[in-house]
Protein chains: 2
Amino acid sequence: MITSPDNNQLKLIRKLQRKRERDESGLFVAEGEDLVEAAQAGGWEPEVLLVAGEDVEPELLDRVSSLGSGSRVVGVYRQRSAEPGGALSLYLHGVGDPGNVGTSIRSAHALCDGPVILGPGCADPFSPKAVRAAMGSLFARPPARAPWTQLDGFRIALHGSANAALSEVGAGATSPCVLCVGAEREGLPSELVQIAEGAARIPLRADGPDSLNVAMAATVGLYELSHRMAADA
Amino acid sequence: MITSPDNNQLKLIRKLQRKRERDESGLFVAEGEDLVEAAQAGGWEPEVLLVAGEDVEPELLDRVSSLGSGSRVVGVYRQRSAEPGGALSLYLHGVGDPGNVGTSIRSAHALCDGPVILGPGCADPFSPKAVRAAMGSLFARPPARAPWTQLDGFRIALHGSANAALSEVGAGATSPCVLCVGAEREGLPSELVQIAEGAARIPLRADGPDSLNVAMAATVGLYELSHRMAADA
């Protein structure tokens with residue numbers, strides 16, 4: 001039973017809240033029974049696994065928690081990455097909010113067979129906020145990293161100023177298909193849009209906001225494309 | 001120029017981070033130029049409006065900011081609520097996360113003509129996190145409050161164990177239509193589902209997570225229904 005806050009495992013967990021420590025060590029933290037169970041189900045062996053009241057005093061575990069308090073179990077895992085692939089996958093460009101990265105990983109796991117591919121400017125998918133938002137999907141479907149220029153297949157850039165609606169573009173898309181969603185404010189860079197096989201927008205009301213939240217746009221996009229492609233088959 | 005942290009307007013802004021203060025005063029805070037401009041565009045008069053460097057020392061405004069720092073302008077507004085209505089609207093049941101409530105308000109503004117209707121157990125739409133996630137849509141489309149039992153029209157309960165896919169149910173829906181999305185963990189109460197005119201699920205991959213994040217489900221649902229209803233018309 002760990003009774004000192006100076007314990008090395010507790011110190012490691014606290015340090016892994018910082019991106020630099022995660023990058024250097026290649027490790028990350030998952031908090032809570034649901035995530036630790038998802039890791040186990042996916043065959044991820046923890047480097048450290050601490051259960052409150054069994055391995056460590058609950059107050060000490062609370063103090064290193066990024067959730068503030070209440071985690072009964074905390075695991076440390078080694079980061080993994082996937083390869084791009086699948087009939088349908090999602091590429092994120094410049095998505096700096098970790099909650100949006102995590103939620104997109106969860107949505108992609110629910111709606112398509114390929115991984116989330118992280119392009120430049122994306123938040124760390126192994127940060128505490130991203131891990132929480134991705135839920136078990138981070139373990140079932142770790143993200144890939146690859147440049148847009150090197151992805152194979154029918155690439156669709158989703159952005160607000162495209163002429164065609166996503167449903168039209170999706171009807172002509174072929175597998176493998178990669179949907180690209182990007183930074184809300186700046187939009188996708190024109191180099192990226194120019195080399196894409198298709199460009200599409202989600203039709204929005206004229207009197208509404210200029211855009212959806214980026215994770216919403218990604219989820220709607222994958223939903224639409226997965227239906228179009230299922231209808232083709 | 002305000003130079004003291006004991007200024008009453010600064011104290012009010014700080015206090016309004018607490019739900020109780022918002023409930024008692026009927027006021028809320030919007031931070032940042034984008035939100036204050038959206039309020040102005042929507043005809044909302046601020047009760048207090050402080051611009052850093054003009055009305056108040058920037059460090060003092062930073063200290064009362066819920067964002068931590070960097071807001072150049074902060075406004076205090078009186079809460080408003082809308083009435084249920086529209087050809088398509090969204091009802092939230094037990095959505096306790098303020099980010100999800102705010103994001104749903106933004107998506108509804110982009111995809112349907114009715115307001116977000118808040119049922120029991122929803123987070124305060126005027127909390128700092130919800131205001132930030134809703135962006136200008138909170139001012140363009142303030143939410144309504146009404147019980148499910150009293151809503152008119154074709155009510156669709158969206159939940160994972162419904163037999164029919166949303167696209168099928170949507171094809172038979174009539175206007176006015178209200179989509180109900182609820183608590184991720186507990187699901188919708190059976191009383192609510194039983195009195196609905198329709199029940200539907202978003203088809204998800206068998207090897208994926210049990211559900212989408214609740215704001216994602218709401219956005220996909222509104223996207224699908226708005227398309228079905230547009231196709232009918």
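**Chain fold, chain pairing and local backbone features**

Met135(B) is buried, with 24 other C-beta atoms within 10 Å. The cut-off for calling a residue buried is 20 or more such atoms, which is why Met135(B) counts as buried. The model described here is predicted. Chain A can be laid on chain B with an RMSD of 0.0 Å. The points below cover the fold of chain A, the relation of the chains, and backbone features at Met135 and Pro176 of each chain.

**Overall fold of chain A**
- Chain A contains ten helices and nine strands.
- For its 233 residues the globule rule gives a radius of gyration of 17 Å, and the value for chain A, 20 Å, is close to that, so the chain is as compact as a globular protein of that length.
- The C-alpha trace of chain A spans about 60 × 35 × 30 Å along its principal axes.
- Of the 233 residues in chain A, 48% count as buried.
- Taking the contacts in chain A between residues at least 6 apart in sequence, 80% join residues at least 24 apart.

**Relation between the chains**
- The superposition of chain A on chain B takes a turn of 180° and a shift of 0.0 Å along the axis.
- The two copies are thus related as by a two-fold rotation axis.
- The same surface serves both copies, as 100% of the contact residues of chain A recur in chain B.

- In chain A, phi of Met135(A) is near 55°, which is a positive value in a residue other than glycine.
- Met135(A) sits in the loop between α6 (128-134) and α7 (137-140) of chain A.
- Around Met135(A) there are 24 other C-beta atoms within 10 Å, and the residue is buried.
- In chain B, Met135(B) is not a glycine either, yet has a positive phi of about 55°.
- The loop between α6 (128-134) and α7 (137-140) of chain B holds Met135(B).

**Pro176: cis peptide bond**
- The bond from Ser175(A) to Pro176(A) is a cis peptide bond, with omega near 0°.
- Pro176(A) belongs to the loop between α8 (166-171) and β8 (177-182) of chain A.
- In chain B, the peptide bond from Ser175(B) to Pro176(B) is cis, and its omega is near 0°.
- Pro176(B) is placed in the loop between α8 (166-171) and β8 (177-182) of chain B.

Methods
Residues are numbered from 1 along each chain as its sequence is written. Chains are lettered from A and ligands numbered from 1 in the order in which they are written. This is a predicted model: local features need pLDDT of at least 70, side-chain atom pairs count only at pLDDT 80 or more; totals for chains, interfaces and linings use all residues. Helices (H or I, at least four residues) and strands (E, at least two) are DSSP runs, numbered from the N terminus. The radius of gyration is taken over C-alpha atoms; the globule rule is 2.2 Å times the number of residues to the power 0.38. A residue is buried if 20 or more other C-beta atoms lie within 10 Å of its own, exposed if 12 or fewer, and partly exposed in between; C-beta atoms are placed from the backbone. Two residues are in contact if their C-beta atoms, placed from the backbone, lie within 7 Å. Copies are superposed by least squares on the C-alpha atoms of residues with pLDDT of at least 70 in both.
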